Amino acid sequence: MLTVPAAATEPQPVWVFDCEHFGTGKYRYMVAPSAIKIINTANGGIALAKAPTWRVSCFRESEKLEWTAPLSNFDESAISSYIDVPTKREPKKFTILGKETLLGLKCLKCKLIDNRVVWVAEEVHAAPQTTETVARYFNYPSSGGIPLRVIDPSTSPQKERLKPEELEKRRQREKFAKQVPWLSFKGIKVAAAGNLTVDLKSWKKIEYKAGDFEYPKGYKQTRDLKEVIISKEYRDVIKGLVDDLSR
């Protein structure tokens, strides 16, 4: 569970968590006491926030393009717009169900008020803004930790009888999924079978290096977050898919 780091006489390690979000791809979290970096390892998008300002920078190194805003104005769920009004994200009430280990990592298993169950690392000591950055990035309720495994009962599968037009939509989705590898519809289906939407794949601790948490310099600025999150060539395709899935 994340806590405010106490003053230390020696450098604190960086926790590195590799997780798979079924349906959107694989992500790496680099968590330092006063900084966090989220890397979409499939499409190259990066989000970075750190003390003292906790300004959020979303950027693509390959395109030298950056979107930036205060943490209170950051919400990737509103992917097509910039939030001009600061928003508060209060910690959501949760119940600690117990302790478990994931791949040898000590975790707390918690149940949120919406019945979602999350596992968070017990021994990570970092500023609360690191948790908030992740919560805003994935549009999660803040639970006091970085979700390393998530079970969402709302994803329970239902028997379906698809009409011909629905089958055609599925074929189109599969076609687009091959064009956009990190958007895995197969992953959504597999995850739903067990209600598992996020899972920890590996973790480690490494030495802190300031260079790992440097804001980009000299990048072209954009106020359109989707220009950073999604490469230009696939933007229209994914917008259509999102619209389709929301119906």
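1. Let's start with T222: a polar atom of its side chain lies 3.0 Å from the backbone nitrogen of D224. This is a polar contact, meaning a pair of N or O atoms within 3.5 Å; within protein, one atom must be able to donate a hydrogen and the other to accept it, and residues adjacent in sequence count only if both atoms are side-chain atoms. T222 sits in the loop between β12 (220-221) and α4 (226-229). Helices here are DSSP runs of H or I with at least four residues, strands are runs of E with at least two, and both are numbered from the N terminus.

2. Some ground rules before going on. The model is predicted, so local features need pLDDT of at least 70 and side-chain atom pairs count only at pLDDT 80 or more, while totals for chains, interfaces and linings use all residues. Residues are numbered from 1 along each chain as its sequence is written, and side-chain values use heavy atoms, with hydrogens and water left out.

3. Is T222 buried or exposed? T222 counts as buried, at 13% relative accessibility. Buried means under 20% relative accessible area, exposed means over 50%, and partly exposed is in between (1.4 Å probe, protein chains only). Setting aside neighbours within four places in sequence, T222 is in contact with L65, E66, W67, E227 and V228; contact means heavy atoms within 4.5 Å.

4. E66 also turns up beside S57. The side chains of S57 and E66 are joined by a polar contact of 2.6 Å. S57 belongs to strand β5 (residues 55-60) and is buried, with a relative accessible area of 0%. Beyond four places in sequence, the contacts of S57 include I46, W67, Y215 and P216.

5. Not counting residues up to four places away in sequence, I46 touches K37, I38, I39, S57, C58, F59 and E61. I46 and I229 are 183 residues apart in sequence, yet their C-alpha atoms are 8.3 Å apart in space.

6. The peptide bond from A51 to P52 is cis, with omega near 5°. W54 lies in that loop too; it has a positive phi of about 60° although it is not a glycine, and it counts as buried at 7% relative accessibility. For context, most residues other than glycine have a negative phi, and most peptide bonds are trans.

7. K64, in the loop between β5 and β6 (65-70), has a positive phi of about 50°. K64 is partly exposed, with a relative accessible area of 46%.

8. The hairpin of β7 and β8 has two residues between the strands, and L103 takes a positive phi near 50° there. Strands β7 (residues 94-102) and β8 (residues 105-112) pair in the antiparallel sense over eight bridges, where pairing requires at least two bridges found by DSSP. G98 has K109 in β8 as its bridge partner.

9. Finally, a word on confidence. The mean pLDDT of the chain is 79, and 68% of its residues reach 70 or more; pLDDT is the predictor's confidence in each residue, from 0 to 100. Over residues 178-193, pLDDT stays under 50. Where pLDDT is low, the predicted coordinates should not be read in detail.
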